[in-house]
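The stops below go from single residues to the whole chain.

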Amino acid sequence: MTFNISSWAIKNPVPIILLFVLITLWGGLSFWGMKIQDFPDVDLPRVSVFLTYPGAPPALIESEVVTKIESVIATISGVKHITTVITDGQAEIKVEFRLEKSVEQAINDVRNEISQIRSDLPADLQEPVVQRRNSMNEPLIIYSLTTDKLDEEELSWFIDNEISRTILSVTGVGSYRRIGGVNREIILELIPEKLSAFGISALEVSNQLKKTLLLSPGGYAQAAGGEQTIRIESQVKTTSDLARVEFSLNDGRRLQLGQISKIRDSIQKREEIAFSNSKKVIAFEVTRARGHGEVEVAKAVKAAIRDLQKEFPFIQFSEEFDFTAPTIENYNNSIDMLYEGVILAVVVVLIFLRNWRSTFITAVALPLSIIPTFALINLMGFTLNIVTLLAISLVIGVLVDDAIVEVENFERHLQTGKPPMQAAKEAAAEIGLAVIATTLTLVAVFLATAFMEGVVGKFFVQFGLTASVAVLFSLLVARLLTPMMAAYLLKSSKHIGTELYLTRLYLRLVRYCMERKKRTLFLTFIIISGALKVGSVLSTSFLPSNDNSFTEVTLTFPAGGSIQSSAEIVHIASEKIRGSKYVKNTLAVITNKGGELTAVITVGLLARSNREGNKKEQIEESLYSILNLLPGVKVNVGMSGSRDTYEFILSGSDIIALEKHARIVLNELREHPNIGAITSLSGLTKPELIASPNLTKLANLGVTPLDIAETLKIATQGENEKDLLKLTFNNRQIPVKIQLPEFMSQDISALSELKIPAIGGLLSLGNVVDFKWSHGPIEINRYDQLRNYHYEVGLQGKALGEVEKLVQSLPSLQNLPEGVIQLGAGDAEEMNELAIGFSIAMFTGLIFMYSLMVLLLKDFMQPFTILAALLLSIPGAFSILLISGMPLSLPAMIGLIMLMGITTKNSILIVDYIVVARFEHQLSRMEATIDACAKRIRPIIMTSMAMAAGMMPIVLGWGGDPSFRAPMALVVIGGLLSSTLLSLVVIPILYTAIDDFVEWVRSKKLGA
């Protein structure tokens, strides 16, 4: 005698009730304690190396620094790709490792390899910074500050000193960055005529001053029976003190610094300026630390800002952008959709059962499956993010599935006249194995999703495990609580005539098709083939564009411009942007770093409900059409990192051939009428002044190239930041910058007259150096240790696959010259990885499902009947994507994987009962098949409609951004619809066809 857990639960209701009360309380407490995030924190082994080599052009950084570092990094185990971007004075090397590599090990390996070659790198190169790359670097919130009590420098210092200290002390804040503003510095401008009169060079002044003012520890004193540190105190407290600083010349004379220089308290060269709605402001942004929720950190920051506003009422704090708004919206709307989905699923059950007791028992399964799920996912360290909430939203209809099947079976047994207690026990025993099988197939599919390969798999671990946990809790409810409640709450009821009539119509259709098996199966084959053809013409995309209330406009200016000259164009662009009735505000930030002059205008849009049905991508297209007419500026519209671009790379070892062909590709891209904005700084050049020293003269005169380089630095840009003296004024360290008058950097003849120390006295630079004009790249891109040209093509509302086809059809890409290759990048590369991971997940899920069916049916052939339901879902899934105009994207593929588990439910219910009727009730195959169809049609239609109803709020986007969730829900609903309608007819026929095949094989063996 086998143990029946449902019968035990019916006999012992108290421990069952206590169990569910406890786990529900546990789940509720866990829910309130969980952090709210947009996407889950994911540890990806990706490392960035930041290099700063002040004053060095990209080509020099490439040859002297980058190639050496790339070479040693490439030897580290697990390296997948090395991507480098080099601009004036700086470079970033991005290292992507294979996923099996831990982040900590990757950082340590990169740091160790660089440290081993540090002595081979230029001395002026600042210490390389190695750190992890993560998604937490995106700002949570941006504030701007204005005041009439402080000037720009004072307000900047106030932000760096007071505001930063307060904000960084808030729990969960990861970093803070000031936007715009200026930094104070003491400028020591040397007077060339005075230098010549005293016979001293700018380089000698710099070296002498460092010796005089550089503070260093003085060791330890042993006095009064103890040990004390010796500190050398600076005597320079003001700029007047600095002007009186004396130092000795080589001939013994002494002079004061004020005699050869003009000293002024000034500001550093402006590298960034910010405008809020065209009004000049200083702003700051805040990012969160790993392990903290966006919402909690943003709330804490806002509370800190309110306290600062009270403490400093003369400063106006304005919230420019709160990027946590979409996260809060997603959370609130996901919770609302849970309620809406529950209500719709319950309404479907009530319509079919027309019995409030049965509906109540079924409805109880939803909260008792969902709430305990939060307890386990919290225990696993998950958060309330778009992935976990999506998983729960999508499985609402699935969670009520088991309870519907159980309750419907109880009612059918009650209608035979059995008392409720007996009906509940027998019904639970009869349906139990099928319910367990359907649930475990779902779990097998969801777990396959959780263990997908690649970056996508990392993000969807939480999706698969959350869905699996919820479904397992629904099984627990169905096997313990639902039979117990049915036994004590359900009463005998009469059969409904309408249902009998509909059932008779269905059975007549089944018999008709059973008599025409070949025709039916052939028609089914035609339908599936047509669906596959539809799938082949669907456009493809990696991630659908979101529809939140933020976007960006990036303006790239020609080389050689200044922040002041570009500000007017930025104001014009900002005004044009705010001219759109769907735009709320703008924050423009102009930066000039590394020779790259760009402006990023962050745009706040109206809420979706106020946009008259216009999606964000439509507004972006209209903004691009307006701004693209700006003269001499390259325009790109879309959030950075928003995946709204198609990327590809041209690479090769033959730099000349690569450069020539890259220009041809760029021209064809820009001339194509259907291709959107093109972003590529590769190949663009800027003027360079080349200083060529005469090495023979240098050797004879005792001058080194380093002396020449240092002298030119002081004349043109001042000393490197790391070499600047720091003087303490009023407990604040102010850098002292030694430089020559600005006109020196604008006149080659003036540079030629610069003096450098040589044997026998000072020497004019023009005597040992020839100057000539040339051109050098603005930016150098490298990929896997080869020079490359990186292109980004704006999607402009089109699907990624559609844009890819347009780009790849260009003649220049169809006929690449020898030595030049094309590589995928960005979403295009990840789409290929997704296809592989998707295939592995599908295959793994099929293996698990087949194994479960073999155990259930004790047969190796009939499981193929059940798995055929997968093919029956394809027509609905692909057709609904075609009708809705949605591309086959990541969420749609996840929906296809979900269908694997959901659609097999119908065939399991039918085939399981056919087996029971044939071998336990001793019916003939035809009688057993018809009996199974008669008794399973209602639960199949009920569960399918309940699942579809549970997902309808996601498709309709009630209150939330449906861009990511809707494709998944649409695919599931469409596939579920076609699978349900077709499986009710095709599965019985397929069962008999496979059974005939098995009998034929057996007869052949016996005949042999």
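Contact here means heavy atoms within 4.5 Å. This is a predicted model, in which local features need pLDDT of at least 70 and side-chain atom pairs count only at pLDDT 80 or more, while totals for chains, interfaces and linings use all residues. Residues are numbered from 1 along each chain as its sequence is written, and side-chain values use heavy atoms, with hydrogens and water left out.

**Stop 1: Ser-30**

Select helix 2, residues 13-33, and find Ser-30 in it. Helices (H or I, at least four residues) and strands (E, at least two) are DSSP runs, numbered from the N terminus. Not counting residues up to four places away in sequence, Ser-30 touches Phe-374, Ala-375 and Asn-378. Ser-30 counts as buried because its relative accessibility is 7%. The classes are buried under 20% relative accessible area, exposed over 50% and partly exposed in between, with a 1.4 Å probe and protein chains only.

**Stop 2: strand 5**

Next select strand 5, residues 141-146, where six of the six residues are buried. Ile-141, Tyr-143 and Leu-145 point one way from the strand, and Ile-142, Ser-144 and Thr-146 point the other way.

Two strands pair if DSSP finds at least two bridges between them. In this pairing Leu-145 stands opposite Ile-282.

**Stop 3: two residues with positive phi**

Most residues other than glycine have a negative phi. Go to Ser-278, in the loop between strand 13 (272-276) and strand 14. Ser-278 is not a glycine, yet has a positive phi of about 70 degrees. With 26% relative accessibility, Ser-278 counts as partly exposed.

Move on to Gln-785, in the loop between strand 28 (780-783) and strand 29 (786-794). Gln-785 also has a positive phi of about 70 degrees without being a glycine. Its relative accessibility of 33% makes Gln-785 partly exposed.

**Stop 4: the nonpolar cores**

Which residues have the most contacts inside the largest nonpolar core? Select Leu-394, Phe-463, Leu-481, Met-898 and Ile-902; the core has 108 residues. Helix 16, residues 454-489, gives the most to this core, with 14 residues. A nonpolar core is a set of buried Ala, Val, Leu, Ile, Met, Phe, Trp, Tyr and Cys residues joined through side-chain atoms within 4.5 Å.

Centre on Leu-394 and show what surrounds it. Leaving aside neighbours within four places in sequence, Leu-394 is in contact with Phe-463, Met-898, Met-951, Ile-954, Met-968 and Ala-969. Apart from this core lies another, of 42 residues, including Tyr-506, Leu-857, Ile-930 and Leu-984.

**Stop 5: the whole chain**

Zoom out to the protein chain, which has 31 helices and 30 strands. Its C-alpha trace spans about 120 × 70 × 60 Å along the principal axes. Of the 1008 residues, 53% are buried. Among contacts between residues at least 6 apart in sequence, 80% join residues at least 24 apart.

Finally, colour by charge: there are 92 positive and 101 negative side chains, and the centres of the two sets lie 7 Å apart. Lys and Arg count as positive and Asp and Glu as negative, with His and the chain ends not counted; each charge is placed at NZ of Lys, CZ of Arg, CG of Asp or CD of Glu.
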